[in-house]
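Okay, thanks for coming, everyone. Let me put the model up, and then I'll walk you through a few side chains and a couple of spaces.

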Amino acid sequence: MPTDDTSRSPLSVLDLAPVPEGSTPGDALRNTLDLARHAERLGYRRYWLAEHHNMTGIASAATSVVIGHVAAGTATIRVGAGGIMLPNHSPLVIAEQFGTLEALFPGRIDLGLGRAPGTDQMTLRALRRDPSVAEQFPQDVLELQALLGPVQPGQRVQAVPGAGSNVPLWILGSSLFGAQLAAAFGLPYAFASHFAPDALMRALRVYRENFTPSAQLDRPHAMVGVNVVAAETDAEARRLFTSAQQSFARLIRGTRGQLPPPIDDIESFWSPLEKAQAMNMLSCSFVGSAETVRRGLDSFLAETGADEIMVASAIHDHAARVRSYEILAEVHGALRAAA
């Protein structure tokens with residue numbers, strides 16, 4: 001069931017370590033750590049990083065390495081993967097990586113798992129992976145869970161570190177498949193509505209109605225992804241949001257690149273068809289001043305009953321991005337106070 005009081009649903013951060021035009025991946029990773037420290041101070045629950053490959057605008061390809069970087073530079077916030085694309089890896093390697101992270105930062109590591117490759121087919125081949133391995137995703141999740149669990153009598157292959165760590169697993173998805181799998185395995189579920197919102201409400205219903213309690217989780221826990229761009233005024237926020245709008249239009253065109261700076265007139269940048277497609281993908285976005293974001297977030301929480309909100313913010317200027325998360329934290333605090 002949804003949280004009884006959705007205003008108390010905690011906020012978390014999804015960071016793709018964006019590389020703004022005019023900067024380097026090193027700059028992006030330093031910004032990531034700085035934002036994580038701000039998020040910790042502001043009371044965000046988790047700070048997740050995502051695996052993408054062959055994308056010049058994303059610096060988090062070596063996801064477990066970046067998680068270690070962030071966890072080492074913070075003290076209390078949970079840090080994890082949102083997610084690891086499991087078909088790209090053997091479960092043993094991921095168990096060892098996240099077992100190592102858990103050994104270094106006990107009680108602070110999350111492991112979200114997706115079955116998409118996080119890249120294109122050519123890059124998938126460069127990863128030395130067979131596209132058909134995605135069909136083994138449920139079995140790979142169970143194998144990984146076993147490797148992170150207690151060592152069984154006669155078990156000859158162990159994750160060291162990893163065995164007995166019980167790193168919490170999450171299932172990520174943007175379709176009913178992930179919802180069904182998370183429900184069957186009794187795992188928390190994170191829906192990628194920040195870029196693929198179409199099946200959101202159906203997936204939440206499937207997950208909640210079919211959830212089976214497990215050793216990790218006794219009731220469903222659904223986290224929902226959104227985009228937030230908050231600023232002092234609606235006009236300023238809308239201008240900052242044009243960076244994300246341009247990026248999604250470029251994705252549709254097949255011309256991905258680094259995160260572009262904002263522009264004054266987004267309508268002159270894209271065609272009507274590109275606008276329709278991009279804004280559908282970005283429909284779970286809250287853009288504006290504190291009051292505008294508050295109204296949107298309040299309505300969204302009431303509609304979805306989300307147990308947690310995972311917030312992505314593709315903002316070109318790092319200071320503006322930090323400020324957006326500050327405003328959102330203030331908005332969330334006001335919602336909780338009003339409740």
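So, to start: which kind of contact do the side chains of Arg-294 and Glu-291 meet in? They form a salt bridge, 2.8 Å from N to O. By salt bridge I mean a side-chain nitrogen of Lys or Arg within 4 Å of a carboxyl oxygen of Asp or Glu.

Before I go on, this is a predicted model, so local features need pLDDT of at least 70 and side-chain atom pairs count only at pLDDT 80 or more, while totals for chains, interfaces and linings use all residues. Residues are numbered from 1 along each chain as its sequence is written, and side-chain values use heavy atoms, with hydrogens and water left out.

Back to that pair. Arg-294 and Glu-291 both sit in helix α10, residues 290–304, three residues apart, or about one turn of the helix. Helices here are DSSP runs of H or I with at least four residues, strands are E runs of at least two, and both are numbered from the N terminus. An α-helix has 3.6 residues a turn, so residues three or four places apart point the same way. Arg-294 is partly exposed at 26% relative accessibility, and Glu-291 is also partly exposed, at 37%. On the cut-offs: buried is under 20% relative accessible area, exposed is over 50%, and partly exposed is in between, with a 1.4 Å probe and protein chains only.

How many salt bridges does the structure hold? There are 15. One of them joins Arg-250 to Glu-21, with the closest N and O atoms 3.1 Å apart. Arg-250 is in helix α8 (234–253) and Glu-21 is in the loop between β1 (11–15) and α1, so this pair ties together parts 229 residues apart in sequence. Arg-250 is buried at 19%, whereas Glu-21 is partly exposed at 32%.

Another one is Asp-110 with Arg-46, at 3.0 Å between the closest N and O atoms. That pair links strand β4 (109–114), where Asp-110 lies, to strand β2, where Arg-46 lies, 64 residues apart. Buried or exposed? Asp-110 counts as buried at 1%, and Arg-46 is buried at 7%.

Next, Glu-51, in the loop between β2 (46–49) and α2 (63–72). Glu-51 is buried, with a relative accessible area of 2%. Its side chain reaches the backbone nitrogen of Met-85 at 2.7 Å, and it makes a polar contact with the side chain of His-89 at 3.0 Å. A polar contact is a pair of N or O atoms within 3.5 Å; within protein, one must be able to donate a hydrogen and the other to accept it, and residues adjacent in sequence count only if both atoms are side-chain atoms.

Now over to α11, residues 318–338. This helix has 21 residues and reaches 31 Å from first C-alpha to last, close to the 30 Å expected at 1.5 Å a residue; the expected span is 1.5 Å times one less than the number of residues. Asp-317 caps the N-terminal end of α11, with a side-chain oxygen 3.3 Å from the backbone nitrogen of Ala-319.

Last stop, and a quick one: where is Ser-132? Ser-132 is in the loop between α4 (121–126) and α5 (137–148), and it counts as partly exposed at 33% relative accessibility. Ser-132 and Gln-246 are 114 residues apart in sequence and 33 Å apart in space, C-alpha to C-alpha.
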